[in-house]
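Here are some notes for a first look. Please keep the structure open while reading.

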Amino acid sequence: MAPTSETVSTERHLKDAGPSRDEATALREDILARLTYTVAKDKASASPRDWFIATALATRDRIVGGWLRSTKQNYEQDRRRVYYLSLEFLVGRLLVDALTNLGLTEAMRDALASLGVDLDRLRELEPDAALGNGGLGRLAACFLDSMATLRIAACGYGIRYDHGLFRQTIKDGWQHEYPEDWLSFGNPWEFPRPEIEYDIGFGGHVDAARLADGTLAHLWRPAETIEAVAYDTPVVGWRGAHVNTLRLWSARAPDPLRLDAFNRGDYVGALADQVRAESISKVLYPSDQTPAGQELRLRQEYFFASASLQDLVRRHLKQTGDIRKLADKVAIQLNDTHPAIGVAELMRLLVDVHGLAWEEAWAITQATFSYTNHTLLPEALETWPVSLMERLLPRHMQIIYLINALHLDGLREKGTADAGVLSSVSLIDERNGRHVRMGHLAFLGSHKVNGVSQLHTDLVKETVFRDFHRLYPERIVNKTNGITFRRWLLEANPSLSRLIGETLGPAAWDDPRRLIELEAVAGDADFQQRFAATRAANKERLARLVSDRLRIEVDPNALFDVHIKRIHEYKRQLLNILGTIALYDDIRAQPTRDFVPRVKIFAGKAAASYHQAKLIIKLINDVARVVNGDPTVRGLLKVVFLPNYNVSLAETIIPAADLSEQISTAGMEASGTGNMKFALNGALTIGTLDGANVEIKEKVGDDNIFIFGLTAAEVEARRAKGIDAREAIAASPRLREALQEICSGVFSPDDPHRYAQLVETLTYHDHFLVTADFDAYCAAQNAIAARWRDQKAWRRASILNTARVAWFSSDRTIREYAEEIWGVAVPSA
């Protein structure tokens with residue numbers, strides 16, 4: 001049988017293309033072949049989406065050859081593998097990302113242009129993959145990119161969510177949630193692997209029996225079984241030198257239909273098992289406000305942890321044939337506490353399935369796992385009711401009890417007798433009903449535990465894992481987060497990238513440390529003008545987007561003051577909007593004062609069940625409606641809230657930002673990565689000494705960042721004295737006036753009491769110390785306005801931010817993980 005054009009196209013890119021072949025012509029032929037033989041359309045009938053699918057598949061074809069070679073090399077070289085387990089992977093759009101890493105962007109642009117198709121328009125058609133929510137997921141995506149770039153043999157494991165978190169819309173100022181439909185037209189980047197599936201058990205009971213040698217064996221007999229089916233996406237590194245895999249699991253019922261029920265006419269009941277099974281991979285972070293929601297969250301976490309561990313053990317045995325060598329050949333990174341149940345699951349596999357003795361299995365488990373802590377917030381350090389664990393995962397609960405008993409017995413034998421210490425490091429929290437502490441399980445089951453900024457790591461040692469740190473002083477280490485600087489420059493900010501390339505040469509993209517050479521031209525008038533021109537173009541692009549989506553006109557010459565991140569009280573969007581109201585009041589009361597024109601830009605999602613965060617979104621929109629409609633403001637202030645924040649929206653906003661709001665309560669933000677992306681693109685930061693802001697300040701210099709507010713130590717001291725804010729409010733006339741306006745209905749005339757509870761909470765229970773930092777925040781904003789008036793000084797500071805933040809590359813972070821946690825050699829370039 002003669003091969004089709006599609007087959008020829010695919011096979012051609014499994015080999016190295018000849019150097020004489022014109023790349024654009026080859027891509028043109030491949031796109032047309034895919035359009036014909038995969039999409040089944042011709043040029044005349046093809047829709048823009050058809051062209052996108054054909055282009056994506058033609059690009060994917062060029063990745064597959066390197067993917068197969070990388071996989072083969074991993075086996076041939078018997079390489080130690082890294083497995084990154086994360087409930088989120090916020091990869092964003094992949095077309096331009098793949099083209100950039102392959103070095104094919106311009107060739108693809110030319111190929112499409114010859115067909116009458118515009119690459120930039122196709123880019124906008126690609127939906128963001130709904131596989132994450134915020135910084136946790138975006139960090140995981142950055143790390144996958146860097147692991148491939150550094151040619152580390154790695155695989156990411158997660159869940160293939162049908163609908164992600166949710167699609168946010170704003171109606172009358174309120175957030176509404178709808179399912180994401182990112183898979184409605186298929187996903188051209190993934191490869192379904194129906195032949196790779198694992199049984200995942202839930203419930204049932206555990207049988208115990210004595211073996212011939214006298215040992216006690218346990219056999220878990222689940223009452224319910226779900227199938228985990230694999231979907232693979234190749235992750236290509238810089239210049240296409242290495243390709244890794246992102247393997248996502250989709251839940252499936254073993255029997256899709258109960259035929260007996262269907263034939264009885266019970267058509268809904270016939271599908272009940274399928275619906276229950278598939279609910280596991282429907283949405284990210286289902287609400288846990290109900291017992292059913294709690295159970296689903298735990299089912300999700302065990303589902304993907306178990307499937308991933310079964311898969312990597314299978315691969316390991318295929319490679320070595322010896323389960324006892326697992327820790328020598330495998331490193332597993334737990335990205336936060338969500339996959340922590342994997343510690344108990346690996347013990348079950350080693351002891352119950354592969355017959356290892358408990359002590360040997362525990363040594364292998366600890367040597368294999370490491371754990372990244374991302375938060376000091378108690379609600380994020382997951383705990384599960386023991387009753388739920390015993391019902392859903394009875395064998396794992398036995399294992400957790402035994403881990404805990406042996407751990408506490410060992411501490412007592414070594415002289416730790418303090419009941420308070422033993423209680424604090426126990427895996428079982430006895431307060432308010434017994435709960436399993438998943439963060440503790442992850443800590444005990446890992447040989448290394450890392451924070452994600454130096455401040456956060458220090459606080460981890462002093463707070464959530466204080467007693468653990470005293471017992472295991474070498475276990476907690478720091479690995480400050482990083483970002484894929486190529487994506488956030490080359491893809492998000494092509495105009496600035498061209499300027500950097502012209503100034504430093506193309507080698508700068510291979511080594512981000514070369515950016516420091518921009519220091520030499522930071523004060524050069526010609527370079528400043530060219531730098532300013534790139535920023536102006538980016539701001540005009542964002543202004544058009546705001547106009548298209550919100551029908552609000554903003555001035556690109558104004559200072560773009562940007563606050564984009566998950567809506568949460570500790571991230572203090574409320575402090576920003578209070579400062580905005582105070583500025584609004586000043587503009588109206590002082591018409592002759594020389595105010596700097598500002599555009600306040602907000603974006604971010606609130607968890608569906610987080611009422612206070614959703615109320616803050618409503619307040620932002622209410623303030624925007626009043627401010628934007630007030631003619632006395634005279635264009636000096638605009639407020640916008642852009643809905644459905646995602647990676648693609650960030651790629652438009654961040655290059656256009658003049659000011660980056662990183663104003664969380666000190667000691668509560670683990671690291672942040674948005675702060676790094678903004679600084680890389682030349683935005684100046686207004687922030688507290690929190691998370692990676694501390695290290696950004698060290699890198700960019702005190703004169704090129706605006707730090708304000710209480711430190712983490714001062715926050716702790718202030719809270720110890722009490723969080724009643726009446727004194728702070730009384731001492732700040734501008735704050736008092738802003739709160740009175742909110743409380744009296746100035747911004748909510750249709751419901752004057754809408755924000756009464758919010759103001760009351762702020763007044764009597766200001767846990768996040770918004771009022772304590774308000775005056776310092778406003779003073780910092782005044783200093784920012786003064787700097788903005790001196791555009792030469794502002795541009796110099798902006799250029800120095802770009803020049804000095806290369807240390808925050810995720811390549812550096814991953815190299816540190818590889819060398820200091822995973823024990824993996826990074827191949828030389």
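1. A residue counts as buried when its relative accessible area is under 20%. K600 has a relative accessible area of 2%, so K600 is buried. D561 is buried too, because its relative accessibility is 0%. Note that the model is predicted.

2. These two residues pair up. K600 and D561 form a salt bridge, with their closest N and O atoms 2.9 Å apart. The pair links distant parts of the chain, 39 residues apart. K600 sits in strand β18 (residues 598–603), and D561 in strand β17 (residues 559–564).

3. A second bridge joins D622 and R754, at 2.8 Å from N to O. This pair also connects distant parts of the chain, 132 residues apart. D622 belongs to helix α25 (residues 611–628). R754 lies in the loop between α31 (733–744) and α32 (756–764). Both D622 and R754 are buried.

4. Now look at R726 and D724. Their side chains meet in a salt bridge of 2.7 Å, N to O. Are these residues buried or partly exposed? R726 is partly exposed, at 47% relative accessibility. D724 is partly exposed as well, at 38%.

5. Across the whole structure, a search finds 66 salt bridges. Some form a network: R193, D232, R247, D311, R314 and R315 are linked by salt bridges.

6. Last, check helix α24 (residues 573–589). At 1.5 Å a residue, its 17 residues should span 24 Å. The end C-alpha atoms are 24 Å apart, which agrees. Of the 17 residues of α24, 15 are buried, so the rest of the structure largely encloses this helix.

Methods: Residues are numbered from 1 along each chain as its sequence is written. This is a predicted model: local features need pLDDT of at least 70, side-chain atom pairs count only at pLDDT 80 or more; totals for chains, interfaces and linings use all residues. Side-chain values use heavy atoms; hydrogens and water are left out. Helices (H or I, at least four residues) and strands (E, at least two) are DSSP runs, numbered from the N terminus. The expected span of a helix is 1.5 Å times one less than its number of residues. Buried means under 20% relative accessible area, exposed over 50%, partly exposed in between (1.4 Å probe, protein chains only). A salt bridge is a side-chain nitrogen of Lys or Arg within 4 Å of a carboxyl oxygen of Asp or Glu.
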